[in-house]
Amino acid sequence: MRSVTTPGARAWWTDAVFYQIYPRSFCDADGDGVGDLEGVIDRLGYLELLGIDAVWLGPVMRSPMADHGYDVSDPRDVDPLFGDLAVMDELIAEAHARGIRVTMDLVPNHTSDRHPWFDAALVGGPGSPARDRYFFRDGRGPDGSEPPNNWPSVFGGPAWTRVVEPDGTLGQWYLHIFAPEQPDLNWSHPDVGTDLERTLRFWLQRGVDGFRIDVAHGMAKPDGLPDHDWSAGSRDSGDVGDPRFDNPRVHEIHRGIRRVLDEFPQTVAVGEIWVRDNERFGRYIRPDELHLGFNFRLAETPFDADAVRSAIENSLDAVGRVGGTPTWTLSNHDVEREVTRYGGGARGLARARAMALVELALPGATFVYNGAELGLPNVELPDEVLQDPIWRRSGRTERGRDGCRVPLPWEGAAPPFGFSTTPDTWLPMPAEWAETTVEAQLEDVGSTLSLYRAALELRRNRPEWSGDEIAWYGSPPGCCAFRRGGGLICVLNASDAPIALPPGRILLSSIPLVDGLLPADSAAWLA
């Protein structure tokens, strides 16, 4: 599907709609209760009907699944839970035949603790060359029983775990910014970069169109791994000064990734970048680094017109400094679903529909998390089924991300709703989702799925979506409106009362107008 870019032509990802597939939860073809690659192939017709441009496939590489695939033991193989390399090849070919590009998760910050390198490090003992690929350090205190520094893990508890040495004694500690099963790689070691290049070429040569790079602001660590004063900042994000993230040396790592991708025309690297400072964020998408960087401002913004406008302006500023392409998303596998975030119930759904029109009206690339097009909410799961390592590592004080990862409902009137042939799905599906299945919504012109399909068709075919700039309109209190260079006008009514729309022809509204007015908690497109 790849082609050489015509000089002066826009790259395909600059205005693409990516559909994020969380493989465990998309579709299960083999009946074990966990989604798989055959299930994705079976549903490619649905994705073509939806009208997306590319899929971002969550982690499917070989893994013990301590963090559901983000703990990789072999980055150049497919885990048997999802299929094998032959099925992956078939998925790529089938997707390309339908005009859908395939990007996949890449995890360069850490490996699994079952990776052969880590096994060798444990066997090798203190001072062995195998330990140099990770961060093994002696502990502090007279008997080495205290962690080497005071860094916390993003998943709770300390970022260090002590190992039992080959002689059976307690010995050194190793660094893991996330779970203990995810030891951080030492990117100062030449083997690490060389191995990643092998992985990149392995998948690119199989036809993958690019990568979403997990923890793209991680990898590089400061010399000496110094202690940090955590009293002034967050322990779970890349705030300025957090020594675990956004080290300046990370940019040379991304330049190395870019050099490999440049060998394969029309491939893309998308970084997960939790960096709030706009100037520092922009460094990741300079012309010789990442093509795109996830900006999570909209996903963190309440349903408030002033806050939405501020998030949009902030996001445009972050990329505008370096001539980059903006990205937009309302949710993903790590973020509470927008329906729930906006209040839940009918009002939360109305607001999520409105914000879908806002993000799809903006210039740049958009990422839609599987199930958002169905208007799915988060699910309140019982304690005994929770699987996210955050739940365990936090001492069962933080419920984690499982509520936004429940499998998708496809058809039928009862769980598993066509997701699988077994009702024993990896996370339980609520019976009340019968009205939200793909089957039910395809037959309802007023459904959220029908809204998404109509919006994506307009975005793909109408000239009003041209232009990289937006201009803001004066709006009533609690509302905001902007105009694209091509003529598209998007109006968001986040107030409690209906409002009159500016002059123009209605292209689409998130809910029907009432007496010519745009109702509360809704949005509209005009030309």
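I took contact as heavy atoms within 4.5 Å. Helices (H or I, at least four residues) and strands (E, at least two) are DSSP runs numbered from the N terminus.

I note that this is a predicted model, in which local features need pLDDT of at least 70 and side-chain atom pairs count only at pLDDT 80 or more, while totals for chains, interfaces and linings use all residues. Residues are numbered from 1 along each chain as its sequence is written, and side-chain values use heavy atoms, with hydrogens and water left out.

**Entry: α7**

I looked up the length of α7 (residues 250-261): its 12 residues reach 17 Å from first C-alpha to last, close to the 16 Å expected at 1.5 Å a residue. The expected span is 1.5 Å times one less than the number of residues. I then checked burial: 9 of the 12 residues of α7 are buried, so the helix is largely enclosed by the rest of the structure. Among them are Val-250, His-251, Ile-253 and Gly-256.

I picked out His-254, which lies in α7 and is buried at a relative accessible area of 0%. Setting aside neighbours within four places in sequence, I list its contacts as Ile-213, Ala-216, Met-219, Tyr-284, Asp-288, Glu-289 and Leu-290.

Met-219, a contact of His-254, is found in the loop between β9 and α7. I read its phi as about 70 degrees, positive although the residue is not a glycine. Met-219 counts as buried, at 0% relative accessibility. Leu-225 lies in the loop between β9 and α7 as well, and its phi is also positive, near 45 degrees. I have Leu-225 down as buried too, at 6% relative accessibility. For reference, most residues other than glycine have a negative phi, and most peptide bonds are trans.

**Entry: α9**

I looked up α9 (residues 305-320) next: it has 16 residues and reaches 22 Å from its first C-alpha to its last, close to the 22 Å expected. Its buried residues are Ala-305, Val-308, Ala-311, Ile-312, Ser-315, Ala-318 and Val-319. Down the axis of α9 these fall within an arc of 160 degrees, so they line one face of the helix; the arc is that of the directions from the helix axis to the C-beta atoms. An α-helix has 3.6 residues a turn, so residues three or four places apart point the same way.

On the face turned away from the buried side I found the exposed residues Asp-306 and Gly-320. The buried residues of α9 pack against several elements, including α8 (278-283), α11 (345-361) and β15 (479-484). At the N-terminal end of α9, I noted Asp-304 as the cap, with a side-chain oxygen 3.2 Å from the backbone nitrogen of Asp-306.

**Entry: rings**

I searched the whole structure for aromatic pairs and got 21. Rings of Phe, Tyr and Trp (its six-membered ring) pair if their centres lie within 6.5 Å; planes under 30 degrees apart count as stacked, over 60 as edge-to-face and the rest as tilted. Phe-26 and Trp-410 have ring centres 5.2 Å apart and planes at 90 degrees, so I logged the pair as edge-to-face. Phe-26 lies in α1 (residues 23-26) and Trp-410 in the loop between α12 (389-393) and α13 (438-442), so the pair ties together parts 384 residues apart in sequence. Phe-26 is buried at 0% relative accessible area, and Trp-410 is buried at 2%.

Phe-294 and Phe-296 form a stacked pair, 5.7 Å centre to centre with 20 degrees between the planes. Both are buried. Ring pairs link them into a cluster whose members include Trp-12, Trp-56 and Phe-367.

**Entry: loop between α12 and α13**

I placed Phe-417 in the loop between α12 and α13, and it is buried at 1% relative accessible area. Beyond its neighbours within four places, the contacts of Phe-417 include Trp-410, Met-429 and Trp-433. In the loop that holds Pro-416, I found a cis peptide bond joining Pro-415 and Pro-416, with omega about 10 degrees.

Technical notes. Buried < 20%, exposed > 50% of the residue type's maximum accessible area, 1.4 Å probe, protein only. Polar contact = N/O pair within 3.5 Å; in protein donor to acceptor, adjacent residues only side chain to side chain.
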